[in-house]
Amino acid sequence: MLFKRNPQLNANGELIHLLSIEGLPKAVLAQILDTAGTFLSVNEREVKKVPLLRGKSVFNLFFENSTRTRTTFEIAAKRLSADVINLDIARSSTAKGESLLDTIANLSAMHADMFVVRHSESGAPYLIAQHCAPHVHVVNAGDGRHAHPTQGLLDMYTIRHYKRDFTKLTVAIVGDIVHSRVARSDIHALTTLGVPEIRAVGPKTLVPGDLREMGVRVCHDMAEGIRGVDVIIMLRLQNERMSGAMLPSAGEFFKNYGLTPEKLALAKPDAIVMHPGPINRGVEIDSAVADGAHSVILPQVTFGIAVRMAVMSIIAGNNA
Amino acid sequence: MKVLIKNGRIVDPATGRDETGDLAVAAGRIVAIGRVAADFTPNRTLDASGLVVAPGLVDLAARLREPGHEHEGMLESEMAAAMAGGVTSLVCPPDTDPPLDEPGLVEMLKFRARNLNHARLYPLGALTRGLKGEALTEMAELTEAGCVGFSQAEASCRDTLVLHRALQYASTFGYAVWLRPNDPWLGNGVAAKGPLATRMGLSGVPAIAETIALATLFELVRDTKARVHLCRLSSAAGVELVRAAKAEGLPVSCDVSVNNLHLTDVDIGYFNAAMRLTPPLRQQRDRDALRAALADGTIDALVSDHTPVDEDAKNLPFAEAEPGATGLELLLSLAIKWGAEAGLPLPEALATVTHRPVGVLGESLGSLGSSAGRLVEGGVADLCLFDPSARWTVTPAALRSQGRHTPFAGYELPGRVIATLVGGHLAYEAAHG
């Protein structure tokens with residue numbers, strides 16, 4: 001028996017790890033978003049630090065490279081006054097044949113308080129959370145296709161910032177959903193927060209019918225997918241998907257599903273356009289849209305720091 | 001050695017015999033069932049009051065990891081596990097290291113197994129050299145060395161031309177070919193395709209990976225008349241195809257593993273690598289279809305699919321973990337559990353792990369074929385004595401197998417093996433208490 005209860009919650013239902021948004025109560029999501037709101041002002045001050053994680057060591061364990069995400073976690077941890085250690089494991093110990101759990105055991109011996117984990121395999125942070133010392137907290141910074149909960153939360157923060165009430169929204173997620181951990185985290189968060197209609201838009205190779213079981217409406221036609229929506233979340237199309245058996249070419253994808261000003265006109269006049277970055281201009285999104293009035297792609301990045309500060313400060317305050 | 005088993009519930013699934021009585025064993029054979037002559041003078045008497053006396057179990061899929069893991073004493077530990085599970089005959093697939101593609105390897109394995117004086121070992125030879133799916137093995141030589149059939153194990157034969165020729169050749173001499181129906185391109189995900197795999201972000205194996213392979217195999221069987229055993233069915237759609245093929249009269253048989261019979265993909269829970277299995281656990285309707293097909297005989301046998309996996313290979317993220325679970329010590333209990341849940345009498349549940357698998361092996365068992373998996377006067381004394389009312393909790397650390405990973409850890413299961421006899425030799429006795 002691995003975990004009897006949701007492994008990210010303690011017996012009191014408090015968040016001790018952030019592994020996935022799935023299974024988290026609405027109140028926990030609201031607590032994170034509200035806390036993020038208070039940190040946003042910290043980030044605008046001249047001295048951008050609070051002492052909540054003073055003396056704590058946060059290890060960024062990136063088994064898969066991502067300078068951008070790692071940097072946002074690093075900034076968030078430093079603004080909470082934590083000591084941050086970045087380990088680019090993709091190029092070090094596992095390349096020498098050390099197992100994942102040996103790596104974790106070694107780092108635990110260095111008295112880590114928190115692991116921020118990015119891994120190419122779905123579920124890896126669960127394995128780490130199961131095997132690390134009880135006082136160590138794990139934050140999933142993206143695992144395989146499974147989850148990217150802090151991205152999901154910062155997306156929710158962004159939507160709440162611009163749209164206020166989740167219960168009246170229609171949200172479209174467009175692109176490579178089958179391989180996207182961001183899409184899965186967004187879908188769980190949107191469902192939990194009460195969004196009545198979530199659409200998953202893309203070709204059948206990238207948007208499988210099984211997604212309906214997650215509570216989304218599957219649309220293979222772009223116009224149908226974004227007509228009348230309040231929020232459009234465009235996903236990054238990974239290079240390896242742009243040609244081969246999933247899609248014939250980036251150009252053909254753009255023709256069918258790329259977000260252009262013409263297609264955007266089908267959405268509500270006040271619709272916002274989001275993207276987890278980094279964007280592929282001319283593949284999933286036209287520059288005119290990415291840089292246009294509807295785009296909130298840069299504010300997402302700003303909110304991302306505050307949301308990650310909120311997550312780290314909340315889980316560090318709860319005991320297993 | 002003469003053994004008298006007294007006052008047991010004697011169950012022979014092959015004949016439906018289910019009665020209380022005595023059973024006498026001498027010179028490796030059963031000499032009397034029911035009533036034993038008063039002048040029988042045993043060296044050893046076993047009181048079987050409250051116990052079932054059944055034929056020893058026959059498991060059509062048990063990996064023993066030898067050759068390849070001799071230094072770890074794998075054969076010893078896994079054969080001991082078989083004894084503790086009441087399994088007296090087992091078929092092992094050829095995906096050892098190196099694969100069983102040369103008679104010398106098979107002879108050595110059989111020799112080592114014989115010396116242990118435990119379960120009877122029936123190896124499957126590799127269908128192609130190195131299991132590479134390119135060149136045929138010396139099937140006649142391998143058969144002489146003791147192989148009961150030929151298999152690709154988990155290595156698919158990607159080239160249909162090679163597979164066609166392999167079946168033609170095997171059919172010429174009446175050799176059985178054992179294949180797991182799995183399209184190599186569609187079939188290399190880590191969980192069953194479906195809402196759960198999609199939600200968890202695990203790469204999925206669709207049911208069509210099984211049905212496409214089955215459809216191809218059935219066409220090849222129609223053409224070559226080869227005798228094919230289909231290993232470890234996993235899907236409802238696959239069951240339907242097999243049912244139709246059998247109705248048509250094709251010379252095919254099939255089995256299902258204890259894992260797919262009892263579990264579904266939902267059991268993966270929070271990425272529990274103990275549930276990383278091949279074939280993958282599918283959905284409830286697939287499991288229901290497999291259970292019904294085992295009951296109605298469409299599926300011939302229940303197998304443990306015993307695959308010991310060490311800690312280092314299992315303590316990994318789900319997709320990276322090595323597939324497989326230990327199973328020899330669970331086979332009897334999981335057969336009984338299924339039978340009870342399906343509302344079947346005990347003999348019918350036992351049939352799936354005794355004479356029905358022997359039927360799959362057919363003539364390849366030679367002189368044992370007429371009595372293995374059965375209770376026959378004059379037949380071989382391979383016996384399993386178990387307490388049907390005892391329940392035990394699966395505790396991985398207490399298993400004899402070196403594979404400590406099982407999806408059933410923590411389960412409370414019915415049926416506890418008390419003694420196992422192979423060829424009249426008392427090879428296992430449970431500790432008292």
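The contact between the chains draws on 24 residues of chain A and 20 residues of chain B, two residues being in contact if their C-beta atoms, placed from the backbone, lie within 7 Å. On the side of chain A that touches chain B, helix H3 (100–108), helix H4 (124–131) and helix H6 (181–192) of chain A each contribute at least two residues, and H4(A) provides the largest share, three residues. Helices (H or I, at least four residues) and strands (E, at least two) are DSSP runs, numbered from the N terminus. By class, this side of chain A comprises twelve nonpolar, six polar and six charged residues; Ala, Val, Leu, Ile, Met, Phe, Trp, Tyr, Cys and Pro count as nonpolar, Asp, Glu, Lys and Arg as charged, and the others, Gly among them, as polar.

The model is predicted: local features need pLDDT of at least 70, side-chain atom pairs count only at pLDDT 80 or more, and totals for chains, interfaces and linings use all residues. Residues are numbered from 1 along each chain as its sequence is written, while chains are lettered from A and ligands numbered from 1 in the order in which they are written.

The largest nonpolar core holds 249 residues, of which Phe115(A), Ile173(A), Ile232(A), Val53(B), Val177(B) and Leu385(B) touch the most other members. Such a core is a set of buried Ala, Val, Leu, Ile, Met, Phe, Trp, Tyr and Cys residues joined through C-beta atoms within 7 Å. Helix H11 (residues 297–316) of chain A gives the most to this core, ten residues.

Helix H1 (residues 26–44) of chain A packs against H11(A) at about 120 degrees, with the axes 7 Å apart. The residues of this contact divide into twelve nonpolar, four polar and no charged.

Two cis peptide bonds are described here. One joins Gly277(A) and Pro278(A), with omega about -10 degrees, and Pro278(A) lies in the loop between strand S9 (272–274) and helix H10 (287–290) of chain A. The other runs from Thr278(B) to Pro279(B), with omega near -10 degrees.

Positive phi values occur at Lys225(B), about 65 degrees, and at Asp305(B), near 50 degrees. Lys225(B) counts as partly exposed because it has 14 C-beta neighbours inside 10 Å, whereas Asp305(B), with 29, counts as buried. A residue is buried if 20 or more other C-beta atoms lie within 10 Å of its own, exposed if 12 or fewer, and partly exposed in between.

Terms used:
Axes are lines fitted to C-alpha atoms, for helices over the stretch in contact, and angles run from 0 to 180 degrees between N-to-C directions.
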